Amino acid sequence: FNMEEERGNICCPKINLKTYNAKHKLRSVFGDYKLHLGVDGSVTTCHRCPVLKHSNLPLYLYRDRQGRWVAGQEIGAVRGSLRGGQSEDPGLVMDCPCQATTWQCYDKGWQDDNTVRVEKCQVFRQGY
């Protein structure tokens with residue numbers, strides 16, 4: 001198993017999705033996400049990009065057809081509870097959620113949320 005090959009274009013096999021709003025309506029969506037492996041050990045993909053899974057909950061971070069990163073319970077669903085994109089270049093296809101510069105949460109429609117951030121997590125090789 002070669003993690004470098006399996007993770008595709010994603011530069012962060014583990015990220016922390018966080019908010020600076022302690023009373024955020026979507027508190028459960030935030031936390032650590034890492035590459036999601038299928039039963040055969042291969043990386044799960046959605047729209048030709050690896051999927052990340054929440055460390056404790058059945059939540060996923062995946063790329064939608066428009067190239068945005070979406071957090072939700074169903075991989076590939078049109079709408080999740082949070083999505084990230086690029087304000088400078090809305091047409092840019094992002095290979096990793098760390099590239100999203102703007103985030104929106106869903107609350108009776110998409111609302112801009114400038115409290116959301118993605119941090120890269122340090123990943124150690126097996127055996128180290």
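**Entry 1**

I looked up Gly84 and found it opposite Trp103 in strand E9. Strands here are DSSP runs of at least two residues (E), helices are runs of at least four (H or I), and both are numbered from the N terminus. The model is predicted, and I kept to its limits: local features need pLDDT of at least 70, side-chain atom pairs count only at pLDDT 80 or more, and totals for chains, interfaces and linings use all residues. Residues are numbered from 1 along each chain as its sequence is written, and side-chain values use heavy atoms, leaving out hydrogens and water.

Next I checked how E8 and E9 pair. They are antiparallel, with 4 bridges. Two strands count as paired if DSSP finds at least two bridges between them. E9 also joins strand E10 (residues 110-112), again antiparallel, through 3 bridges. In that pairing Cys105 stands opposite Gln111. E9 and E10 make a hairpin with 3 residues between them. Lys108, in the turn, has a positive phi of about 60°.

**Entry 2: Arg83**

I moved to Arg83, which sits in strand E8 (residues 82-85). Is Arg83 buried or exposed? It is buried, because its relative accessible area is 16% and buried means under 20% (exposed is over 50%, partly exposed in between; 1.4 Å probe, protein chains only).

Then I listed its contacts, meaning heavy atoms within 4.5 Å. Beyond neighbours within four places in sequence, Arg83 touches Arg68, Trp69, Val70, Thr102, Trp103, Gln104 and Trp110. With Gln104 there is a polar contact, side chain to side chain, at 2.7 Å. A polar contact is a pair of N or O atoms within 3.5 Å; within protein, one must be able to donate a hydrogen and the other to accept it, and residues adjacent in sequence count only if both atoms are side-chain atoms. I also checked Gln111, 28 residues away along the chain: its C-alpha atom is 9.9 Å from that of Arg83.

**Entry 3: Trp103 and the cores**

I looked up what Trp103 touches, leaving out residues up to four places away in sequence. The list includes Leu17, Trp69, Leu82, Arg83, Gly84 and Pro97. Val116 and Val118 are also among them.

Which residues touch the most other members of the largest nonpolar core? They are Ile15, Leu17, Tyr33, Leu52, Trp69, Leu82 and Trp103, out of 24 residues in that core. Strands E1 (14-19), E2 (31-35), E7 (69-72), E9 (102-106) and E11 (116-120) each give it two or more residues. Apart from it lies another core of 6 residues, among them Cys46, Val51, Tyr60 and Ala77. A nonpolar core is a set of buried Ala, Val, Leu, Ile, Met, Phe, Trp, Tyr and Cys residues joined through side-chain atoms within 4.5 Å.

**Entry 4: Salt bridges**

How many salt bridges does the whole structure have? I found 4. A salt bridge is a side-chain nitrogen of Lys or Arg within 4 Å of a carboxyl oxygen of Asp or Glu. Side chains of opposite charge can pair when their charged atoms come close.

I noted Lys18 with Glu119, at 3.3 Å from N to O. Lys18 is in strand E1 and Glu119 in strand E11, 101 residues apart. Lys18 is partly exposed at 23%, and Glu119 is partly exposed at 34%.

I noted Asp107 with Lys25, at 2.8 Å from N to O. Asp107 lies in the loop between E9 and E10 and Lys25 in the loop between E1 and E2, so this pair ties together parts 82 residues apart in sequence. Asp107 is partly exposed at 32%, whereas Lys25 is exposed at 67%.

I noted Asp64 with Arg68, where the closest N and O atoms are 3.2 Å apart. Asp64 is buried at 6%; Arg68 is partly exposed at 25%.

**Entry 5: A loop with positive phi**

I checked the loop between strand E3 (45-46) and strand E4 (49-50), where His47 lies. Phi of His47 is near 55°, a positive value in a residue other than glycine. Arg48 is in the loop between E3 and E4 too, with phi near 60°. His47 is partly exposed at 34%, and Arg48 is exposed at 79%.

**Entry 6: The whole protein**

Last, I counted elements: 1 helix and 11 strands. Of the 128 residues, 43% count as buried.
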